[in-house]
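Try each task before reading its solution.

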Amino acid sequence: MLGAARTARKRMLPTILAANQAITAIASRDPAKVAEFQKEFGIAGGYSWADAQQMLESDSVDAVYIALPNSMHAEWTVRALAAGKNVLCEKPMALSAAEADRIAAASPGRVVMENFSYRVRQPLAQIASIEVHFSFQATEDHRLRYSRELGGGCFLDLGCYGVDFVHRLLDRQMEISSVEATINESVDESCIVQGRAAGLEILITSSFAQPPRQEFLLRFADGSQQRIERTDDTIALLQKFAAMSHTDPADAVRWQRNSTVYQEVLARMQY
């Protein structure tokens, strides 16, 4: 594992163990966190950040979970693949089309997955429009999300769920119509993205300054609507990852589509 984020300790590390996988090594910038995680989760190998590449090259490591800041995801995914490891990377894995291309070029013969663990089911009725709303009220614990250099901002952190959901559900590229963002400390604290995909109107909102919300809303041609609460199944995702022998080509297409939208939305924001 690369990185030692609070999310990893609270959610992913226990889930890895619950999925009957072993955690053999961890690398972090904070030596105290490395020691703490080793003790809490029984991890034999602990590496400083200066030795992270050495961890990637260790024979005891078969796959790497990357929980670094957004801006570092693509670089370390490519490094892990070059070292012969399979990769499960936190979302968003690539922030630009060029990053998605580099990951795809490095992935043959390896498994790469992005940590979107929710499930998407095709609705029975004809969809007329899609809305996705993700938000929470940020605290001091989320300060890294306010760093532009680290790939912060609510759109990359939360709006990425809407982008990925649209591309999974419709299997078509989303085109951006408009972007409205409220900037705080150099990043978007709230963001509204409108667009179209497969002829449907798309609305994606994200915010670090609103009450918690994780919702997908489908409106249908007959006037009805379906509200879908996000439900994760991370254990199923980890078991699928462990059983795969190669990267799913559909995933590679979606990385490209997602990253193209991320790149355009960020370019349209008025910093």
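**Exercise 1. Find how many aromatic pairs this predicted model holds, and classify the pair of Phe134 and Tyr161.**

Solution. Start with the count: rings pair if their centres lie within 6.5 Å, and by this rule there are twelve aromatic pairs. Next, take the two rings named in the task. The centres of Phe134 and Tyr161 are 4.8 Å apart, and their planes meet at 15 degrees. Planes under 30 degrees apart count as stacked, so Phe134 and Tyr161 form a stacked pair.

Now place the partners. Phe134 belongs to strand S6 (residues 127-137), while Tyr161 sits in helix H6 (residues 154-170). The pair therefore ties together parts that are 27 residues apart in sequence. Finally, check the burial: Phe134 is buried, and Tyr161 is too.

**Exercise 2. Classify the ring pair of Tyr146 and Phe208, then locate both residues.**

Solution. The ring centres of Tyr146 and Phe208 lie 5.5 Å apart with planes at 45 degrees, so this pair is tilted. For the location, look at two loops: Tyr146 is in the one between S6 and H6, and Phe208 is in the one between strand S9 (200-207) and strand S10 (209-220). The pair links distant parts of the chain, 62 residues apart. Tyr146 and Phe208 are both buried.

**Exercise 3. Which residues do ring pairs link into a cluster with Phe134 and Tyr161?**

Solution. The cluster takes in Phe116, Tyr118, Phe165 and Phe216 along with Phe134 and Tyr161.

**Exercise 4. Is Ile26 buried or exposed, and how far is Ile26 from Val64?**

Solution. First find Ile26 in strand S1 (residues 25-28). Its relative accessible area is 0%. Buried means under 20%, so Ile26 is buried. Then turn to Val64: Ile26 and Val64 are 38 residues apart in sequence, with 9.3 Å between their C-alpha atoms.

How values were computed
Residues are numbered from 1 along each chain as its sequence is written. This is a predicted model: local features need pLDDT of at least 70, side-chain atom pairs count only at pLDDT 80 or more; totals for chains, interfaces and linings use all residues. Side-chain values use heavy atoms; hydrogens and water are left out. Rings of Phe, Tyr and Trp (its six-membered ring) pair if their centres lie within 6.5 Å; planes under 30 degrees apart count as stacked, over 60 as edge-to-face and the rest as tilted. Helices (H or I, at least four residues) and strands (E, at least two) are DSSP runs, numbered from the N terminus. Buried means under 20% relative accessible area, exposed over 50%, partly exposed in between (1.4 Å probe, protein chains only).
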